[in-house]
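Dear colleague,

Please find below the structure that I am handing over to you, followed by an account of what was found in it.

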Amino acid sequence: MSEVQNPVIVYISPAELVVHPKLIEIYGENEERPALEKSISEKGILESLKVSARTGVNIVLAGKCRLQIARQLGISTVKVEFVESGSPEEDLKLVLDFNLHREGGKTHYQKFHEGQYWESVLRPQAKERQRQSARRLNQSNDSNLNHSVTESKSQLGKGKRVIQEVSENLNISVGSYHKGKKVFELISQLRELEKFKAVVALEMEFNRSIDAAYKFVCNQDICYQVIDLLEADEIGNIGDGIAWMLNGERNPFRRFQLDQVYQFKKRLRPELEIVGRVIGITNEFIVFGLRNLVNMSLEIVNLRPRQIDAELQDEPSASQRKRIFHLMQKFSDVFPVQVSLAELLKLPNLTDKEEVLLRMYESDVFEKTWEDYKTQMKEMEVSTNIKKDNIRAA
């Protein structure tokens, strides 16, 4: 099994190619590779796809993403290099060999999918080495026993432990590989049980952090309850499930509402005020508005619910907020005033200078100035229209 010596590059239609199912199983049917797509759109496919024609069908062993992008871009032919293979097992080995150092990065789940294959290949080889060593020991007589033992140890030392070799292939530490195997095994079990919502959530957590996923899987009291919640559509991810189990809350976002003011137990940063106002709630974050005490400006901070160590406070600026809403309605056609008032609403409380600004907006002087300005603008508009009419008449 090998690549063709002095390979001939041919160009064939994407419609004549079929992707090896193992590539889809490991890397997914559709991948987002914007850099590769940009390169292909500008320069074409630079590296040929590796293809086996062993069965009479052109099976892509490497180049799934390039083929996918070529189809999306409507490229009529792609560069192909045919490789020799004598069996389905050899096809599979080529798939893994070609994609061992795959560009574009791999998720942890994809790496451990590959690791499962490498273990299946390397363990029989390791056992065979052990059998050969044992045979050599049995064939030795008393006179050369010490020599044989030394020779055997030397030969065993030439080979690496299977786990170490697999870890090096995947470019992760042995410790992380041991942890990740436990997570990967649970994902595989959940897939067999057709608990696909839990599969997706655990795979996302696994790709985010091997350690975090490992700790979750090891905590069986929480793990299987969270899996049940995921399958029941009660929660959307592992983090929310853990928060529910630890805090007794179905939805950790539920206790937060827009415009609430919270006092944090510790300052988020030394320069920020210790109280903040909820000014937004997204699918991932509670958005707080806090005052920067150095320059007195507004700062926006995004926090996940489980990161928030704070207590709800009574509204400190109720009367001022009521006045702001009234002014926003009064000056609804004055954009700069609207902007400044909207920013004041994001702050947990107002300074003396900001109170002065409110009073200025409320004063007769400002209102009269604004009315005079609107009158002048209207007179200018009338004057402009008269000039336009005179021009048309001329």
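**Contact of α9 with α11**

F196, K197, A198 and A201 of α9 meet I227, L230 and E231 of α11, where contact means heavy atoms within 4.5 Å. The residues of this contact comprise five nonpolar, no polar and two charged. Helix α9 covers residues 196-208 and helix α11 residues 220-231; they pack at an angle of about 120 degrees, and their axes are 8 Å apart. The two helices are therefore oblique to each other (angles under 35 degrees count as roughly parallel, over 145 as roughly antiparallel, 65 to 115 as roughly perpendicular and the rest as oblique).

This is a predicted model: local features need pLDDT of at least 70, side-chain atom pairs count only at pLDDT 80 or more, and totals for chains, interfaces and linings use all residues. Residues are numbered from 1 along each chain as its sequence is written, and side-chain values use heavy atoms, leaving out hydrogens and water.

**Backbone**

E194, in the loop between α8 (174-192) and α9, has a positive phi of about 60 degrees although it is not a glycine. E194 is exposed, at 57% relative accessible area.

With kind regards

Technical notes
Axes fitted to C-alpha atoms, helices over the stretch in contact; angles between N-to-C directions. Helix = DSSP H or I, 4+ residues; strand = E, 2+ residues; numbered from the N terminus. Nonpolar A, V, L, I, M, F, W, Y, C, P; charged D, E, K, R; others polar. Buried < 20%, exposed > 50% of the residue type's maximum accessible area, 1.4 Å probe, protein only.
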